[in-house]
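Hi,

Here's the structure I promised to send over.

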Amino acid sequence: FVRTNGRGFIMAVAISFRERYPFPSINYDNADEHFHQVCYFEFLRMEWRNFYPSCYAIPNGGTRNRVEAANMKMEGVKAGVCDVFHGVPMLHPAKHPGGRDALYAGLYVEMKKPNDSYGVSDKQKAFMDDQRARGYAVGVAYGWFQAVGLWLYYVGAIGAQEAAQRYSVDTSPEVFGKGIQI
């Protein structure tokens with residue numbers, strides 16, 4: 001993505017998920033939600049090119065004037081919808097004897113900036129609960145690095161233990177979702 005360096009010069013910036021802080025000059029804990037979401041999509045674009053076209057942001061927040069807000073509401077924009085959707089169905093094999101495989105219809109990610117003291121709203125909680133019941137995986141990511149962990153767990157690139165330890169991702173069925181048992 002493109003950023004200015006403070007003096008008006010434009011710099012092209014690339015992100016590798018192999019580094020937790022690819023930009024040493026940026027204070028990630030104070031960076032806004034927008035920055036973290038841009039970093040996450042850049043990770044997807046660079047590292048998961050085959051899945052990138054099926055992943056998109058949902059413009060449901062931000063500051064708008066009353067007319068624009070009313071028009072967007074008429075177009076179907078709703079409060080509480082997660083920020084990112086991955087339209088990639090995924091099969092998760094059973095991890096324990098006697099367990100059943102789970103098919104997830106897709107992954108919703110609600111992005112928050114790190115150290116967000118507000119958490120998710122009641123409307124967001126209701127939306128996420130509804131999507132879990134419909135067979136979608138759902139996660140709240142506090143920063144782009146945690147969103148990477150959600151994605152890697154969702155596609156099966158890492159297990160639940162690594163997702164929890166390295167990326168601080170809660171993979172419990174109550175939080176992530178149970179999928180459709182098959």
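This is a predicted model: local features need pLDDT of at least 70, side-chain atom pairs count only at pLDDT 80 or more; totals for chains, interfaces and linings use all residues.

Cys 39 is buried, at a relative accessible area of 0%. Cys 55 comes out at 7%, so that one counts as buried too, the cut-off being under 20%. As for disulfides, searching the whole structure turned up zero.

Now the packing. The largest nonpolar core has 35 residues, and Tyr 40, Phe 43, Val 109, Trp 151, Leu 152, Tyr 154 and Phe 176 have the most contacts inside it. Elements giving two or more residues to this core include helix H1 (33-47), strand E7 (107-112) and helix H4 (144-154). H4 gives the most, with nine residues. There's also a second, separate core of eight residues, with Cys 82, Tyr 108, Val 120 and Met 128 among them.

If you like aromatics, there are 16 aromatic pairs to browse. Take Trp 144 and Phe 145: their ring centres sit 6.2 Å apart with the planes at 80°, which is over 60 and therefore makes the pair edge-to-face. Both of these residues are buried. Elsewhere on the aromatic list, Trp 48, Phe 51, Tyr 104, Trp 151, Tyr 153, Tyr 154 and Phe 176 form one cluster.

Last, a look at helix H2 (residues 66-74). Asn 65 caps its N-terminal end, with a side-chain oxygen 3.1 Å from the backbone nitrogen of Val 67. Just after H2, Gly 76 takes a positive phi of about 110°.

Cheers

How values were computed:
Residues are numbered from 1 along each chain as its sequence is written. Side-chain values use heavy atoms; hydrogens and water are left out. A nonpolar core is a set of buried Ala, Val, Leu, Ile, Met, Phe, Trp, Tyr and Cys residues joined through side-chain atoms within 4.5 Å. Buried means under 20% relative accessible area, exposed over 50%, partly exposed in between (1.4 Å probe, protein chains only). Helices (H or I, at least four residues) and strands (E, at least two) are DSSP runs, numbered from the N terminus. A disulfide is a pair of cysteine sulfur atoms within 2.5 Å. A polar contact is a pair of N or O atoms within 3.5 Å; within protein, one must be able to donate a hydrogen and the other to accept it, and residues adjacent in sequence count only if both atoms are side-chain atoms. Rings of Phe, Tyr and Trp (its six-membered ring) pair if their centres lie within 6.5 Å; planes under 30 degrees apart count as stacked, over 60 as edge-to-face and the rest as tilted.
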